[in-house]
Amino acid sequence: MPVTVRSFAKINLGLRIGAARADGFHELLTVYQTIALHDVIRVSVKRGSGIEILCADPRVPRDESNTCFRIVERAMTALRAKGRVVIEIEKRLPVQGGLGGASANAVATLLALERAQKRTLPATERLRIAAEVGSDLSLFLVGGTVLGVGRGEQVYPLTDLPAMPCVVVTPEIGVSTPKAFAEWDRLCSQKLTAPPASDRMNELGRGLSAWLSEPYSSAPSKFSARGGRAENPLLWLVRAGIENDFEQVVFPEYPELRDGKRALLRAGAKYASLSGSGSTLYGLFASRQSAMAAASRLRRQGWAAQATATLTRRQYWSRIFDC
Ligand code: C5P
């Protein structure tokens, strides 16, 4: 019997790009948030050896370039396990970037493989393996609202935002993440007056620290005076300065994506943004009804739009194995 798991997607609630590093990566500061849209992964371990990937979507690679393949190779070694691992990927998420679909698939595969083998790796070992496979796998080992630093692979659970209705728009555009980072570097080198990368990260860092410490602070902050985090955590985060630096390089290259963000805001989103380097866009809404109405309106306008909701850490973990 295969082990079946849900592989939930993420969005980025703000992303600041820092300095380019000697290893070719960039320092990042981002808030990841898991959402309810998901793929389904089935893993079985049979006699023999090797890794087989089954997927009806021709865009999903079946070889070692697939993140699921790479994580299984490492996990089988770490578990000192033998066998032929068969991974079936039921693709429901759009393959377009920004939702972390391939990264989520890899982590879901790891969790399913552990269950199939009736063994679990220590948390530090899971995190090491996830970070080896890619920068945004580790967040799926935490779930909910997650702070990502380093190249995005160092993850810390944040105070969970309550589940919020959202609409995800997936334009038929593939954005290359390495090219978007290179374009960011070019933009920064041109803008001689722009604040240094570290200032941009510090600014968001301060906003997040204020958000986290505010409930314990005796002095009422200007945020609680305006309604407080409990009433509107999202507005609080927006005031903390969540924005996605990738918009500055991706929107000029693909103006259609800027139009998509505007369409989300016109459809009633309280906040809208590119997720990661795109091309996925999302909008956060005040109610489920307004998110559903916005998704219908956007579809009538020709956008591929789906209404969904963010997932708290508890929801994320309770639904992964509940298939
Ligand atoms: O780790 P991941 O496979 O997601 O990274 C893909 C590419 O994106 C890297 O090879 C690198 O060029 C770029 N990247 C970066 N800085 C990061 C994450 C990714 O420059 N923090």
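Analyst: The ligand sits in the largest pocket. The model is predicted. Two elements each give two or more residues to the shell around the ligand: strand 2 (26-46) and helix 4 (177-190). Helix 4 provides the largest share, three residues.

The shell itself can be listed by residue. G24, F25, H26 and L28 are among the residues around the ligand. G134, S135 and R151 also belong to this group. T177, P178 and F181 complete the list. By class, the shell has four nonpolar residues, five polar ones and one charged one.

Where does the ligand lie relative to domain 1 and domain 2? The ligand lies between them, because both domain 1 (3-161 + 314-319) and domain 2 (165-310) give residues to its shell.

Now the polar atoms. The side chain of S135 has an N or O atom 2.6 Å from an oxygen atom of the ligand. R151 takes part through its backbone: a polar atom there is 2.9 Å from a nitrogen atom of the ligand. G24 also uses its backbone, with an N or O atom 3.5 Å from a ligand oxygen. On its own, the ligand has 450 Å² of accessible area, and the protein covers 70% of that.

Two backbone features elsewhere in the listing deserve a note. Most residues other than glycine have a negative phi, and most peptide bonds are trans. R80 is not a glycine, yet its phi is positive, about 50 degrees. R80 is placed in the loop between helix 1 (67-79) and strand 4 (84-90). The other feature is a cis peptide bond that joins G278 and S279, with omega about 15 degrees. S279 is placed in the loop between strand 8 (271-274) and strand 9 (281-284).

Technical notes
Residues are numbered from 1 along each chain as its sequence is written. This is a predicted model: local features need pLDDT of at least 70, side-chain atom pairs count only at pLDDT 80 or more; totals for chains, interfaces and linings use all residues. Side-chain values use heavy atoms; hydrogens and water are left out. A residue is near a molecule or strand if one of its heavy atoms lies within 4 Å of it. A polar contact is a pair of N or O atoms within 3.5 Å; within protein, one must be able to donate a hydrogen and the other to accept it, and residues adjacent in sequence count only if both atoms are side-chain atoms. Accessible areas come from the Shrake-Rupley method with a 1.4 Å probe; for residues, only the protein chains shown count as cover. On a 1 Å grid over the protein atoms alone, a cavity is a set of points where a 1.4 Å probe fits but cannot get out, and a pocket is an open set with protein on both sides within 12 Å along at least five of seven lines; lining residues have an atom within 4 Å of a point. A molecule sits in a cavity or pocket if more than half of its atoms lie within 2 Å of its grid points. Helices (H or I, at least four residues) and strands (E, at least two) are DSSP runs, numbered from the N terminus. Ala, Val, Leu, Ile, Met, Phe, Trp, Tyr, Cys and Pro count as nonpolar, Asp, Glu, Lys and Arg as charged, and the others, Gly among them, as polar. Domain bounds come from an automatic or database domain assignment.
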